[in-house]
Amino acid sequence: MTALISAEWLRLTTTRLWLWGLLCAIGTGALVGLLAFVGPENFEPPLPGLHTAEGTQVVLGLLGFTTFVPALLGTGAVAAEYRHRTVTTTALFAPRRWTSLAAKLAAYTAGGLAYGLTAATVAGAGLFGAAAVKGVALGLPASTVAELLGRVALTMAVYTLLGVAVGALLRNQVAALVVVGLYAYMVETVLLLIPGVNTLYPFLPGGATAALTGFTFLAEAVATQTGASATHLLPAPAGGAVLLGYALLAAVVAVAAPLRRDIP
């Protein structure tokens, strides 16, 4: 198993995927610094400034809104193996197919964690740098900011695992990317707009992520637009548990389901 994980890691680091991932991580982290420099009070609609806990949390939460990006990278990478037929060679070297699938999950989850740590580090540097330039004391202690950034990094690792699972199940690269992208940035938002159905939102991946990362802006914005009461999210530990449950379920399904199907 160790050899297979090493081989998957080598595959990951010797293609351009790692470069695209690095650029995306740096870009999303830098975006947080840019938004902090602009200041939440200059958003539309205006929000409390960085000197408040709410303003600092909103800026940090926007990084949490990008946690689905590594899921797209994981989905595309695994589905691409079926598109280019390299999965056949993998199956020849690892006839027990579950071992290669488990190795992919391990390698890409580690890659997702590296992505998350990079994005969180750049975001933290940008946030504190913007506050220093503007001469503003952040509304949250440095330890709290570091904790929130750590949660985001771990969440990105989990979403990478989910993305790998979707890629292994759907196998069609374009279809898999469309499904993940639409679900991440459309489906859950639409569900928030439906009375009654929106009570499920806290238990969905997006709602659990919002609880874990403290990004309540989306739920509050939808409530403001519809005039309904804001959806109450789970406590952060419960949100983390729900997200971990999705990750474990995805890992089991990704390993078990393809074993019953032929490689195209």
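The structure is a predicted model, in which local features need pLDDT of at least 70 and side-chain atom pairs count only at pLDDT 80 or more, while totals for chains, interfaces and linings use all residues. Residues are numbered from 1 along each chain as its sequence is written, and side-chain values use heavy atoms, with hydrogens and water left out.

The protein chain contains eleven helices and zero strands; here helices (H or I, at least four residues) and strands (E, at least two) are DSSP runs, numbered from the N terminus. Read from the N terminus, the order of elements is α-α-α-α-α-α-α-α-α-α-α. Of the 264 residues of the chain, 44% count as buried, where buried means under 20% relative accessible area, exposed means over 50%, and partly exposed lies in between (1.4 Å probe, protein chains only). Among contacts (heavy atoms within 4.5 Å) between residues at least 6 apart in sequence, 80% join residues at least 24 apart.

An unreviewed UniProt entry lists "transmembrane region" for residues 17-38, 58-80, 101-128, 148-170, 177-197 and 238-259. UniProt positions are given in the numbering used here, feature names are shortened, and annotations may be inferred rather than shown by experiment. In the model, the span of residues 17-38 is 100% helix and 0% strand, and its end C-alpha atoms lie 31 Å apart. The span of residues 148-170 is likewise 100% helix and 0% strand, with 33 Å between its end C-alpha atoms.

Two packed helices are described by the angle between their axes and the distance between the axes. Axes are lines fitted to C-alpha atoms, for helices over the stretch in contact, and angles run from 0 to 180 degrees between N-to-C directions. Angles under 35 degrees count as roughly parallel, over 145 as roughly antiparallel, 65 to 115 as roughly perpendicular and the rest as oblique.

Helix H7 (residues 142-170) approaches helix H11 (residues 236-256) with axes that come within 9 Å and cross at roughly 25°. H7 is therefore roughly parallel to H11. Their crossing is left-handed; a crossing is left-handed if the near helix is turned anticlockwise from the far one by less than a right angle, and right-handed if clockwise. Residues of H7 in this contact include Arg-151, Thr-155, Val-158 and Tyr-159, and those of H11 include Leu-243, Tyr-246 and Ala-247. By class, the contact of H7 with H11 comprises 15 nonpolar residues, one polar and one charged. In this classification Ala, Val, Leu, Ile, Met, Phe, Trp, Tyr, Cys and Pro count as nonpolar, Asp, Glu, Lys and Arg as charged, and the others, Gly among them, as polar.

H7 also packs with helix H9 (residues 205-213), at an angle of about 155° and with the axes 9 Å apart. The two helices are therefore roughly antiparallel. Leu-148, Arg-151, Val-152, Thr-155 and Tyr-159 of H7 meet Pro-205, Gly-206, Thr-209, Leu-212 and Thr-213 of H9. This contact of H7 with H9 has five nonpolar, four polar and one charged residues.

The axes of helix H3 (residues 53-64) and H7 come within 10 Å and cross at roughly 15°, so that H3 is roughly parallel to H7. The crossing of H3 and H7 is right-handed. From H3, the contact involves Thr-56, Leu-60, Leu-63 and Gly-64, and from H7 it involves Val-145, Leu-148, Leu-149, Val-152 and Met-156. Seven of the residues in the contact of H3 with H7 are nonpolar, two are polar and none is charged.

Leu-127 lies in helix H6 (residues 97-134) and counts as buried because its relative accessibility is 0%. Beyond four places in sequence, Leu-127 touches Gly-33, Ala-36, Leu-50, Thr-56, Val-59, Leu-60, Leu-138 and Val-145. Leu-127 and Thr-56 are 71 residues apart along the chain, with 8.6 Å between their C-alpha atoms.

Val-58, in helix H3, counts as buried at 11% relative accessibility. Leaving aside neighbours within four places in sequence, Val-58 is in contact with Leu-47 and Phe-215. By contrast, Glu-41 lies in the loop between helix H2 (17-38) and H3 and is partly exposed, with a relative accessible area of 36%. Outside four places in sequence, the residues that Glu-41 touches are Pro-46, Leu-47, Pro-48, Gly-49, Leu-50 and Lys-134.
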